[in-house]
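Hi,

Here is the structure I promised to pass on. Have a look at it first, then read my notes below.

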Amino acid sequence: MEETQREFHHEEEEEHADINIWKYILGFSEMAVVKCAIDLGIADAIERHGSPITLSDLSSTLGCAPSLLYRIMRFLMHRYAQTPLSRRLMRQEEHSMAAFILMESSPVMLAPWLSLSARVLANGTSSFEKAHGEDLWSYTAANPDHSQLFNEAMACDARLVVPAMIQGCPGLFDGLNSLVDVGGGNGTTIKLLVKACPWLQGINFDLPHVVSVAAEISGVKHVGGDMFESVPKADAAFILWVLHDWADKECIQILKKCKEAIPEDKGKVIIVDAVIQGQEEMDKLTDARLMLDMVTMAHTTAGKERTLKEWGFVLGEAGFSRYTVKPIRALQSVIEAFP
């Protein structure tokens, strides 16, 4: 009985750590968005109005885009575990998120937050481009140190998500012989997947400058290319935390290329990305997902976290006949899309 209680307490600590670590990684967005609200004068405008104000009236008063203001307002209104959590701050620990924290707190990634209000007002030039003179992807391609940090950060998340996906979606890779990881970075994700599912032949697909420095991985072939032009053929395409970086138009284009790469009869595209829930579906990671939406607003040109309805739209426009969504013990959900 005592042993069972200890095991339960350990599992509970681990679960709390999985949730609380995102406060370290994305928690600064709360401060940044509050600054944005002050810069925009949201509270002042509501006070001057003298009564509850509609989003349309508020956006007109402030002179900013309703869609971006809505996301700001949604975030604002939604409004130490010790051992397991502290281990996630270690650089070499299995569940380390240190590289992710280092990336998000780097001067390169912090600078765009200072012009978030200008991004909302202009509804054009991204905060990252305003801070650095080029978009995130151009900057990353031209700066190897930042590219390495970015890929290490994505690898941190992969080491948490892949086990959660394997546990939460048994049979996800059954019947597949090959898998292409689209935007796979340094290959950490496909390495973990091939290890968990040794019958898979893995392809790590990313930009040439990314895969050129990736280490060799048994059972995995590195392929350089452009996901907007073509995706290597495989039984299934896997795409982890990529689509949220792009507008609907680009997402649809990427998804169409993934669809072209898989067999019509048994193929599928496996998307691992966040799903923004409605008020009635909130869970312990809802706040972190809304913080992540602010990160995509600050760091990408037109990326965003999507609701279930918005995912349905891009998948439908890309030509998929059906899809399923499965929450897992992570920030993301698993979306299976079928031709």
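**The cavity and the sheet**

The largest cavity has a volume of about 170 Å³. On a 1 Å grid over the protein atoms alone, a cavity is a set of points where a 1.4 Å probe fits but cannot get out; the volume is the space filled by probe spheres set on those points, joined across faces, edges and corners.

Before going on: this is a predicted model, where local features need pLDDT of at least 70 and side-chain atom pairs count only at pLDDT 80 or more, while totals for chains, interfaces and linings use all residues. Residues are numbered from 1 along each chain as its sequence is written, and side-chain values use heavy atoms, with hydrogens and water left out.

Who lines that largest cavity? There are 15 lining residues (an atom within 4 Å of a point), and Glu104, Phe150, His244, Asp245 and Val295 lie nearest the centre. Helices H7 (98–104), H12 (144–168) and H16 (286–299) each give two or more residues to the lining. H16 has the largest share, with 4 residues. (Helices are DSSP runs of H or I, at least four residues; strands are runs of E, at least two; both are numbered from the N terminus.)

Now the sheet: it is open, with 7 strands in the order S3-S2-S1-S4-S5-S9-S8 and mixed pairing. Strands pair if DSSP finds at least two bridges between them. At the edges are S3 (220–224) and S8 (322–327), each pairing on one side only. S1 (residues 178–182) and S2 (residues 201–206) run parallel, joined by 5 bridges, and Val180 stands opposite Ile203 in S2.

Cheers

Key. 1 Å grid on protein atoms, 1.4 Å probe; cavity = no way out; pocket = protein on both sides within 12 Å on 5 of 7 lines; lining within 4 Å.
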